[in-house]
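I opened my notebook to record what I look up in this structure.

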Amino acid sequence: MVKRVLKAARLLAMAATVVPAAASADGLVDNVNGITLDKDGRVVRFQALLVTPEGKVAKLLSTKDKRPEKLDWRADMKGRVLLPGMIDAHGHVMELGFRAIELDLSDTKSLAEAQQKIAEYARANPEKAWIIGGGWNQEAWGLGRFPTAADLDSAVADRPVWLARADGHASWGNSAALKAAGVTAKSVSPAGGRIEKGAGGQPAGVFVDAAQGLVAKVLPQPLGKDRNAAFLKAQAILLSYGVTATADMGTTIDDWLTYRRIGDLGGLRVRIMSYGMGVDTAIQIGGTGPTPWLYGDRLKLVGVKLYADGALGSRGAWLKAPYADAPGQSGAGFMNDTVMRNLMSRAAMDGYQVAVHAIGDRANAEALDAIDEMAQTYKGDRRWRIEHAQIVDPVDLPRFGRNGIIASMQPTHQTGDRMMAEARLGPQRLAGAYAWASMLKNGAKLAFGSDYPVEKPDPWAGWAAAFTRQDAAGQPFGGWHPEEAVSREQAWWAFTGGAAYAGFAEDRIGRLSPGLQADFIMVDRDPLLASPTDLRATKVEETWVGGRKVWERK
């Protein structure tokens with residue numbers, strides 16, 4: 001713990017002093033192969049970027065344009081590629097940080113490998129009263145079932161263990177964790193959740209969606225210094241991928257206080273568009289409506305995150321028909337129609353943007369129904385968001401073109417989920433799955449993200465997946481349902497201008513243009529000329545936010 005706190009303090013000091021205060025005077029980023037998109041999604045190339053004292057773009061210069069004679073600083077980039085900073089339209093900042101500093105099972109390929117890693121972590125951390133972490137995925141293990149408490153007991157039995165599934169929609173506990181929480185065969189699954197049961201009705205060890213709260217309520221809570229350390233780790237990871245802004249989906253009060261602490265200390269680098277975890281949280285933070293932009297456009301509470309259902313991998317996504325591989329299950333809605341409309345109305349009346357998590361086709365239909373009704377009362381530029389929009393009944397796709405809806409989607413979910421989706425749904429129900437091209441054709445606005453830490457916050461992998469429908473190994477040949485691929489430029493826009501628009505931030509970020517923030521990255525290749533494989537291998541060399549260099553590859 002002491003080492004973690006000291007490391008966090010060093011990271012915070014570094015965050016405040018990474019570079020000289022370049023944004024305090026006129027500056028020129030010169031000799032670049034600069035590429036951006038304009039407001040209409042057209043490619044613009046330039047050779048220099050003039051930055052104002054406030055850290056905004058003053059002008060894009062070509063080789064023929066005369067350079068200003070009086071400059072207080074000039075950075076010669078020696079012909080390297082400069083791009084606008086990438087924006088992740090859907091992530092979980094604090095979860096990314098905690099996953100990185102706790103037990104991370106995301107790289108394990110089998111149950112046995114996970115058990116070994118869990119046991120080793122427990123031995124290396126004897127002072128921890130609970131072993132906490134996540135990232136496991138029974139599909140990646142080829143297990144064919146959920147892991148059990150007994151599986152976990154074989155790795156660690158002397159203290160509680162609680163591990164979140166990769167998607168965050170299920171968690172796995174050992175017998176000690178279940179005992180500490182008082183969960184027994186008599187325990188009842190709560191609304192919107194499911195306790196996996198074994199022989200004799202005993203809890204098997206996995207808790208889906210709302211049922212996770214039965215154990216989570218007894219977990220030791222991290223201290224403020226732990227949260228600071230987690231945030232600084234997450235921020236460093238995001239900047240290393242070239243992500244200069246992100247939507248934080250499901251911000252809690254503790255999360256918001258962490259961002260404010262870091263902001264008060266001058267350590268906020270990445271820009272955060274925050275969506276409160278439910279209406280009550282948003283109101284506690286924002287009061288009568290969204291907050292103003294804080295800390296030089298680094299932080300703003302924009303809206304509210306609501307959940308219509310769970311996730312496909314844990315069979316919590318709400319489907320119109322039963323799962324192909326579990327005929328007795330159709331997932332579950334997290335709230336009935338009346339509750340959803342009441343919550344959306346409470347948010348909308350105070351001007352909060354509404355973002356609804358919907359993965360299954362029934363959940364998406366419910367969200368669309370609610371938006372249709374809400375839009376009759378709450379006029380103007382509302383930008384209703386549907387997060388994930390993964391499985392949509394084809395008859396509902398045209399409805400995404402109404403009411404200014406934003407489809408906030410994650411390309412690497414498609415490449416990571418495709419085999420699981422085929423098993424869960426069967427081949428006849430895939431026509432509206434991960435349907436990016438159909439969203440655009442039907443008039444929806446498209447915003448891309450990663451849903452980190454479910455997937456890595458890697459926009460280069462997401463960009464490549466979006467126009468190929470293939471994974472890192474180039475599979476499947478020709479792309480999975482290639483008719484739903486978008487163009488290279490459309491995908492780039494969804495990770496920049498589209499993601500900014502989705503958070504009401506297009507007047508500040510998302511492209512490089514006079515008056516917008518000078519958020520840009522230096523990379524080792526031209527992404528418009530790179531093959532999909534080379535695009536995935538893109539290395540970010542420098543990340544600049546507001547005209548200041550805030551991260552550099554060592």
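**Entry 1: a pair of residues.** I am working from a predicted model. I began with one residue and what it faces. Leu 103 stands opposite Gly 133, which is in strand E8. Next I checked the strands around this pair. Strand E7 and strand E8, residues 131-136, pair in the parallel sense. I counted 2 bridges between E7 and E8.

**Entry 2: the sheet.** Where do E7 and E8 sit in the order of strands? I read the order as E7-E8-E9-E10-E12-E11. These 6 strands form an open sheet, and the pairing is mixed. The edges are strand E7 (103-104) and strand E11 (193-197). Each has a single partner strand, so one side of each is left without a neighbour in the sheet.

**Entry 3: the whole protein.** I stepped back from the sheet. How many helices and strands does the protein have? The secondary structure comes to 18 helices and 22 strands. I then looked up the extent of the C-alpha trace. Along the principal axes it spans about 80 × 55 × 50 Å. Does the radius of gyration agree or disagree with that of a compact globule? For 554 residues, a compact globule would have a radius near 24 Å. The protein has 23 Å, which agrees.

**Entry 4: contacts, burial and surface.** I took the contacts between residues at least 6 apart in sequence. Of these, 73% join residues at least 24 apart. Burial came next. Of the 554 residues, 58% count as buried. The accessible surface comes to about 21300 Å². Carbon and sulfur atoms account for 53% of that surface. I also looked up the charges. There are 67 positive and 62 negative charges. Their mean positions are 3 Å apart.

Entry 5: I picked Thr 281, which lies in helix H10, residues 279-286. Is Thr 281 buried or exposed? Its relative accessibility is 13%. Buried means under 20%, so Thr 281 counts as buried. I listed its contacts, leaving out residues up to four places away in sequence. Thr 281 touches Thr 251, Thr 252, Ile 253 and Gly 276.

**Entry 6: backbone angles.** I noted a rule before searching. Most residues other than glycine have a negative phi, and most peptide bonds are trans. Then I looked for departures from it.

- A cis peptide bond joins Tyr 452 and Pro 453, with omega about 5 degrees. Pro 453 is in the loop between strand E19 (445-448) and helix H15 (459-468).
- The peptide bond from Gln 475 to Pro 476 is cis too, and omega is near -5 degrees. I found Pro 476 in the loop between H15 and helix H16 (488-494).
- Lys 78 is not a glycine, yet its phi is positive, near 55 degrees. Its loop runs between strand E4 (73-76) and strand E5 (81-84).
- Asn 403 is not a glycine either, and its phi is positive at about 60 degrees. Its loop runs between strand E17 (385-388) and strand E18 (406-409).

**Entry 7: accessibility of the last two.** How exposed are these two residues? Lys 78 has a relative accessible area of 65%, so I wrote it down as exposed. Asn 403 has 31% relative accessibility and counts as partly exposed.

Technical notes: Residues numbered from 1 in each chain as written. Predicted model: local features only at pLDDT ≥ 70, side-chain atom pairs only at ≥ 80, totals over all residues. Heavy atoms only, no water. Helix = DSSP H or I, 4+ residues; strand = E, 2+ residues; numbered from the N terminus. Rg over C-alpha atoms; globule rule 2.2 N^0.38 Å. Buried < 20%, exposed > 50% of the residue type's maximum accessible area, 1.4 Å probe, protein only. Contact = heavy atoms within 4.5 Å. Areas by Shrake-Rupley, 256 points an atom, 1.4 Å probe, with all protein chains shown as cover. Lys, Arg positive; Asp, Glu negative; His and termini not counted. Charge placed at Lys NZ, Arg CZ, Asp CG, Glu CD. Pairing = 2+ DSSP bridges.
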